[in-house]
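Please open the model in your viewer and keep the sequence panel beside it. The tour below moves from one selection to the next and says what is found at each stop.

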Amino acid sequence: MAEKTWVRMVTAQTPTNIAVIKYWGKRDETLILPVNDSISVTLDPAHLCTITTVAVSPSFDQDRMWLNGKEISLSGGRYQNCLREIRARACEVEDKEKGIKIAKNDWEKLHVHVASYNNFPTAAGLASSAAGFACLVFALAKLMKAKEDNCELSAIARQGSGSACRSLFGGFVKWIMGKAEDGSDSLAVQLVDEKHWDELVIIIAVVSSRQKETSSTTGMRDSVETSLLLQHRAKEVVPKRIKQMEEAIKNRDFGSFAQLTCADSNQFHAVCLDTCPPIFYMNDTSHRIISCVEKWNCSEGTPQVAYTFDAGPNAVLIAHNRKAATQLIQKLLFCFPPSSDADLNSYVIGDKSILKDAGIEDIMDVEALPPPPEIKGCPEMQRRCELFHLYETW
């Protein structure tokens, strides 16, 4: 290793993902091995992602990390597992221009600094840990020139946060639970890329940006220990749904996709309620969003939108095309309007052209929206300012 003081840096960006067939429950807490397979959709990194910069220098005397500008400890087992696994796969690095030469064995003695930033709420049920650990592992692998592909790296990211393994791919991704005790076959594979079903539009209704009261780690552990429904779900329900969901995605069958997505989300939250003590991730606003979507789908006779909720109150709404997404925006803005003094551009984040398609340019246009036909005569659907904001993404 060259004597000269130097710094080598790498920056990576990784999107978050939202499961349409949920992962909930581990059979091994240390290796983070799930009790069932899961399938997710990867979101647009322009709107929901983690950006991580990793640096190495002989002048660093310890590993350190900053998340959203605040230093956090790297002493936890999950961070250490990821660092250890990538260091074990590190290769020689040489940059003659900067006078950098790092032998393979030098990586065990060098320390890294990590600066990570989420452009969306952290620990609010939007899979921030998935994007975070995926980005950390990917950035470290690039820094240390590890030769593993994304599938192999997914097995390392999984040891930081289970869902992180799915954020190393775009499109629809399957996390195979595996059977090996060492977790070597528990990894992510891409089912289809983001171009396969590119007419889908995803809108996220952020009900709350606050951290959830029960962490996913604690919630899963309690569910595994106390929920009989979880055991039935893992053994009997999910294996069938995985096959059905793979077919729906392959054939771009939105009717089947929506039915499976909504049913699996509802069953996941039923497992949470079946847990002792019960876990409440959704709130009244979450339930109103479900009611709004169900009434609309029912009135159309065929699904227009699928909903899914991870471990939090925020709704991920998947519209089968742009026309449906435009109508969805109108319905959401009618039922959950921003306050009269709000900035519409801050309330709806992402592709603003969908607002133009919906005929909405300012708050006055929102106030002039007519009530959706399917909610007339439903006092529970009256207007309330209950959303933090809306993300429009893929």
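**First stop: charged side chains**

Begin by selecting Arg84, Glu85, Arg89 and Glu148, which are joined in a network of salt bridges, a salt bridge being a side-chain nitrogen of Lys or Arg within 4 Å of a carboxyl oxygen of Asp or Glu. This is a predicted model, in which local features need pLDDT of at least 70 and side-chain atom pairs count only at pLDDT 80 or more, while totals for chains, interfaces and linings use all residues. Residues are numbered from 1 along each chain as its sequence is written, and side-chain values use heavy atoms, with hydrogens and water left out.

Across the whole structure, 14 salt bridges are found. Select Lys109 and Asp106 next, whose side chains meet in a salt bridge at 3.5 Å, N to O. Lys109 is exposed, with a relative accessible area of 58%, whereas Asp106 is buried at 8%; buried means under 20% relative accessible area, exposed over 50%, and partly exposed in between, with a 1.4 Å probe and protein chains only.

**Second stop: helix H2**

Now select residues 128–143, which make up helix H2; helices (H or I, at least four residues) and strands (E, at least two) are DSSP runs, numbered from the N terminus. Of the 16 residues in H2, 13 are buried. Just after H2, look at Lys145, which takes a positive phi of about 55°.

Which order do the 5 strands of the open sheet follow? They run E15-E16-E14-E18-E17, with mixed pairing, where two strands pair if DSSP finds at least two bridges between them. The edge strands, each pairing on one side only, are E15 (305–308) and E17 (348–350). Select E15 together with E16 (residues 315–319) to view an antiparallel pairing over 4 bridges, and then pick out Thr308, whose bridge partner in E16 is Val316.

Select Asp264 and Arg233, which form a salt bridge with the closest N and O atoms 2.7 Å apart. Asp264 lies in helix H6 and Arg233 in helix H5 (residues 228–251), so the pair ties together parts that are 31 residues apart in sequence. Both Asp264 and Arg233 are buried.

Finish with Arg322 and Asp351, whose side chains meet in a salt bridge at 3.4 Å, N to O. This pair links distant parts of the chain, with Arg322 in helix H8 (residues 322–335) and Asp351 in the loop between E17 and helix H10 (353–357). Arg322 is partly exposed at 30% relative accessibility, and Asp351 is partly exposed at 27%.

Technical notes. The expected span of a helix is 1.5 Å times one less than its number of residues.
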